[in-house]
Amino acid sequence: MAGVAEVQNRQARPVPPAQPRGPPPPARPRFEPVDREKTCPLLLRVFTKIGGHHPNEDFAVRGKEPKDEVQIYTWKDASLRELTDLVKEVVPAARKRDSKLSFAFVYPDKNGRFVVRPVGMTYSYGNGRRMDDVKTLAELSFQIGDYLSVAIL
């Protein structure tokens, strides 16, 4: 009789809902937006170049960085779209309708040599819906003191 009761109990249990197949989608780390009224902005040194990024050697000697520098005060929650619009204000080549802007962080590695690491690309007149447009400096692991290289393609 105990076996019959067990069978009845098994049938009475609710069936769990079917789970979707495949691995779960990767979770994007969410960063809290910065209160721009209360938080001091950081100085972002932006180096622009038409045709490609500056090579690592251009940043090898402190104080002898490339001359085409734009200094921007911003926050770590600034998106690549915001930075694109700011670069367009000062670099005429970035205003062309078919321009693409490639962003890269420039920072010293553990040996002190500068590394140029691409982090995203935007279009000069994008609609804000592309994946890289909404990426923020914080999401891309920007560290205060890094430079930003912008290649205008």
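Two remarks on the source. Since the model is predicted, local features need pLDDT of at least 70 and side-chain atom pairs count only at pLDDT 80 or more, while totals for chains, interfaces and linings use all residues. Residues are numbered from 1 along each chain as its sequence is written, and side-chain values use heavy atoms, with hydrogens and water left out.

I start with the sheet. It is open, has 5 strands in the order 2-1-5-3-4, and its pairing is mixed. Strands here are DSSP runs of E with at least two residues, helices are runs of H or I with at least four residues, and both are numbered from the N terminus. Two strands pair if DSSP finds at least two bridges between them. Strand 2 and strand 4 are the edges, each pairing on one side only. From one strand to the next, the twist averages 30 degrees. For angles, axes are lines fitted to C-alpha atoms, for helices over the stretch in contact, and the values run from 0 to 180 degrees between N-to-C directions.

Take S102: opposite S102 in strand 4 stands M121, and in strand 5 its bridge partner is A151. Further along, P108 has F114 as its bridge partner in strand 4. The two strands form a hairpin with 5 residues between them, and in the turn G112 has a positive phi of about 90 degrees.

A104 is also in strand 3. A104 counts as buried because its relative accessibility is 0%; the cut-offs are under 20% relative accessible area for buried, over 50% for exposed, and partly exposed in between, with a 1.4 Å probe and protein chains only. Leaving aside neighbours within four places in sequence, A104 is in contact with residues including H53, V116, V119, Y147 and L148, where contact means heavy atoms within 4.5 Å.

Which residues of helix 2 are buried? They are L80, R81, L83, T84, V87 and K88, within a helix that covers residues 80-90. Seen down the helix axis, these residues fall within an arc of 160 degrees, so they line one face; the arc is taken from the directions from the axis to the C-beta atoms. The buried residues pack against strand 1, strand 3, strand 4 and strand 5.

That brings me to the cores. A nonpolar core is a set of buried Ala, Val, Leu, Ile, Met, Phe, Trp, Tyr and Cys residues joined through side-chain atoms within 4.5 Å. The largest has 22 residues, and L44, V46, F103 and L148 touch the most other members. At least two residues each come from strand 1, strand 2, helix 2, strand 3 and strand 5. A second, separate core has 5 residues, among them F47, F59, V106 and F114. Going back to L44, its contacts beyond four places in sequence include V70, I72, L83, F142 and L148.

D68 sits between strand 1 and strand 2, and counts as partly exposed because its relative accessibility is 30%. Its side chain makes a polar contact of 3.1 Å with that of H54. A polar contact is a pair of N or O atoms within 3.5 Å; within protein, one must be able to donate a hydrogen and the other to accept it, and residues adjacent in sequence count only if both atoms are side-chain atoms. D68 and K49 are 19 residues apart in sequence, yet 7.4 Å apart in space, C-alpha to C-alpha.

D132 lies in the loop between strand 4 and strand 5. Buried or exposed, at 19% relative accessibility? D132 counts as buried. The side chains of D132 and K135 are joined by a polar contact of 2.9 Å. Not counting residues up to four places away in sequence, D132 touches L80, G120, M121 and T122.

T136 lies between strand 4 and strand 5 too, and T136 is buried, with a relative accessible area of 13%. Beyond four places in sequence, T136 is in contact with K76, D77, A78 and S79.
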